[in-house]
Every structure is written in C-alpha cells, then in structure tokens.
Amino acid sequence: MTGKRIAILGSTGSIGTQTLDVVRQHPDRFSVFMISANSSAALLVQQALSFHVPHVVICNPAKYDEVRGALPPSVEVHLGIEAACSLVQAPEVDVVVAAMVGFSGLRPTLAAIHAGKAIALANKETLVAAGEVVMADARRYGAPIYPVDSEHSAIFQCLAAAGDNPVHLIHLTASGGPFRTWPREEIAKAGREQALKHPNWDMGAKITIDSATMMNKGFEVIEAKWLFHVPARQIHVVVHPESVIHSMVEFEDGAVIAQLGCPDMRLPIALAMAYPERLPLDGKRLSFSDLKGLTFFEPDLEKFPCLQLAFDAIEKGGNIPCAMNAANEVAVAAFLAGKIGFYDIPRCIAHAMERISFIGNPSLDDIFSTHSEATALSQSFLGV
Ligand code: MG
C-alpha cells in the first residue's frame, strides 16, 4: 500500500464515491484499506474490486451473501457496524473518512477518534448529537478532525489567516435550497420531487431534504460551534444563492477572509485527506469574468422554521440538539416516503424538543438514550 491509508465509512454515498474519485486521481498518494456500506451491495463490490480494497464491511445482513459471493477470497468481507468500529482502529489506517448518514455514524467515528486517527468529517450529525463528547474525546486521544462540509472547510481555510487573533464573526453561507424564492403556501404543498431538486449541489437524499428545510444550515451552525469553539451568537447565517463563497471569517479589525470556488465536494474532501497539502484536482475552475454577480440575503425564519429550531436547540443545549437530530431523521424519512407534508418536519422536531426529558450535561449513554427516546416520540407523533 502506498501513501496515506484510508478507511471510508459510507463509501457508496455521495461523499464516499467522491472520496474514491480523489483516490482515483492520486493513486500514488492514497490507498484504501476499508470501505463500508449499509446496503448498496453491487456498488460496494465494484469499489472493492476497482480499488483493491482488502477489507469490506456490509452492515445489512441480508446483503452479506451477495457481497461475499462476488468478491475473491483474498478480500475479507465483514458483517455489521461493530466490524467497521474495529477496522477503523487498525494500525494500517491513517485517515478515516466519516461519511455515513445520520446518527448511525457516531459510534464508528468515536471508535476512530479513540484510536487517535485523523478524521475527515462529513457526518455532521455526529457533532450535532454529541458535539461535546466527540470534541472532548478528540482532544483526549489526539485525533485531529478535518472538516469535509464545504462551509466548514472554508472556515478552516480562512482561519489559517487568524494567527492568535480572536474571531469576530463567522459568516456561514447557505444556498437557500430549492424553495428560497417560493411562497410559504407553495412550500407547504411541496413533495419529495420538488424538495430533492437542489439548485447547486448534487448530494444524497437526506442532506438534500435538510437543505430544503434549512435544517442543514442549523446543523452547520452547531457543527461550526464545536469545530471552531465559537459561540452561536458569533455565527451569522447568510443566504448566498450562487454558492461561490463557501463561508467567511470576520476579524475584530473588520477584515473579512472568504474562501471561494466552484461547488465541488472533492476539494474539501481532498484537503481533509491530504492536509496540510493541497492536491491538484481536475474539475471546473471559477471564472470571474463569467460570474454575473454575488448576492446575499438574511434567511427567512418564517418560511424555514427548522433554522429557528436549531438556534433554540443551541440555546437550550444539553441533549436537546440530539433530540432535534433524531426527530429530524424520523421526519425526513417519512417525508421521503411520501407519508407526511413538508411542514410536518419542523412540527415533529418542535414536538420532540418539547417532550424529551432534559439532560444538561449528557454522557455518551445519555446521548444514545435521548436518540432512542426522541425517535420513539417522533414516530408516534407522526404515526409512522
Ligand atoms: Mg454544507
């Protein structure tokens, strides 16, 4: 194996496949030690063969035989999330790309942190649900966390200009999603097809719905607070429909440093994997003469109540962001299944945040029980 050795949690999703694109462009820099998927067996097999991956994890037991049967005996095929948790700790792993969707990414990400691995973090729900525990463990075990989320990668890059100076404000940009210009009455009637049409970014279904509700931006405020130790009142969400500026940092003298680029997740992925190096990447480059103009708006919290709920969750703290995340996972799945309307998503989240038993300083066990409790509350609220 050559270069940095990578383990990818969630290799068949949008971030996972783009991570492998980066590896394909730089075979001398990276090799892949482990890939894991929930149930996309055919793609997992294809990836294992193309990238000569020695360890493959499939989480869905119903798919194990298909994966095992399609791969030569030299490839070790493992079943279940426990196997992923132990493989990310192997001495052969340098960087763990945490690209699973949702709360399910928390345990394997923590396992990697406990082994002191460098984490390329795409799984923002990990920090939303358990930011305090995750960041404390990352410090304790000396595991660096490099953000893959485009906004947080941008902030991380801008902060290189900070030196020892304090941050005055983080300007977290948001595209506004597909419903930015729609009236509320129309948004209320929108179904999955409309919500899945993101104007700028091609992403997985869960995060695309989170972008349509702007819950994603709320999650990103929480993610930024933990990653950069900046209180939420110093994080300003600004809608920027062109998605050219990926976020900005403002210092006390008024200077604002921004990171710009075409919307392409391979840049933050490659930077997180190769840090501190920047690798050459193919793909579109910004053409300033073709830019028609950059526009900025304040977010509309009436139309996008999920963003307000996220600010409320930060204010309350403790296990409330974890409950918010669990309720959102249930509601987004129900919305994608066509079982509920668009504004049932914030209604379900608000209900869970009100009804959950509050824990001010949750332990990891408290986080898991809050997730289960809020999931059950939300399922019964929505009747799913
Ligand atoms: Mg983002």
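A: Let's start with one word: donors are N, O and S atoms within 2.8 Å of the metal (3.2 Å for Na, K and Ca), and since water is not among the atoms, sites may look incomplete. This is a predicted model, where local features need pLDDT of at least 70 and side-chain atom pairs pLDDT 80 or more, while totals for chains, interfaces and linings use all residues. Residues are numbered from 1 along each chain as its sequence is written, and side-chain values use heavy atoms, leaving out hydrogens and water.

Q: Okay, so which residues coordinate the magnesium ion here?

A: Look for Asp149 (OD), Glu151 (OE) and Glu220 (OE), which coordinate the magnesium ion at 2.1 Å. Along the chain, the spacing of these donors reads D-x1-E-x68-E. Aspartate 149 is in the loop between E7 and helix H7 (150-158), while glutamate 220 is in helix H11 (residues 215-228), 71 residues away. Those labels are DSSP runs numbered from the N terminus: helices (H or I) have at least four residues, strands (E) at least two.

Q: Are aspartate 149 and glutamate 220 buried or exposed?

A: Buried means under 20% relative accessible area, exposed means over 50%, and partly exposed is in between (1.4 Å probe, protein chains only). Aspartate 149 has 8% relative accessibility, so it counts as buried. Glutamate 220 is buried too, at 1%.

Q: How do I read the sheet, and in what order do its strands come?

A: Strands of a sheet pair through backbone hydrogen bonds, either parallel or antiparallel. For two strands to count as paired, DSSP must find at least two bridges between them. In this model, 7 strands make an open sheet, ordered E4-E3-E2-E1-E5-E6-E7, with parallel pairing. At the edges you'll find strand E4 (76-79) and strand E7 (145-147), each pairing on one side only. From one strand to the next, the twist averages 20°. Zoom in on strand E3 (residues 55-58): 4 bridges join E3 to E4, and valine 57 stands opposite histidine 78 in E4.

Q: Which strands does helix H5 lie across?

A: Helix H5 (residues 106-114) lies across strand E1 (4-9), strand E5 (95-98), strand E6 (118-121) and E7, at about 150° to E6. Angles like that run from 0 to 180 degrees between N-to-C directions, with axes fitted to C-alpha atoms (for helices, over the stretch in contact); contact means heavy atoms within 4.5 Å. H5 is mostly covered, with 7 of its 9 residues buried, among them Leu106, Leu110 and Ile113. Just after H5, glycine 116 has a positive phi of about 70°.

Q: What about aromatic rings: how many pairs are there?

A: A pair of rings is described by the distance of the centres and the angle of the planes. Rings of Phe, Tyr and Trp (its six-membered ring) pair if their centres lie within 6.5 Å; planes under 30 degrees apart are stacked, over 60 edge-to-face, and the rest tilted. The structure holds 8 such pairs. Take phenylalanine 179 and tryptophan 182: 4.6 Å centre to centre and 55° between planes, a tilted pair. Phenylalanine 179 is buried at 0%, whereas tryptophan 182 is partly exposed at 26%. Phenylalanine 179 also pairs with phenylalanine 342; their centres are 5.2 Å apart and their planes at 85°, so that pair is edge-to-face. Phe179, Trp182, Phe335, Phe342 and Tyr343 form one aromatic cluster.

Q: And which charged residue lies over tyrosine 343?

A: A charge sits over a ring if NZ of Lys or CZ of Arg is within 6 Å of the ring centre and within 35 degrees of the ring normal. Arginine 184 lies over the face of tyrosine 343, 4.1 Å from the ring centre. Elsewhere, the charged end of lysine 225 sits over the ring of tryptophan 226, at 4.5 Å from its centre.
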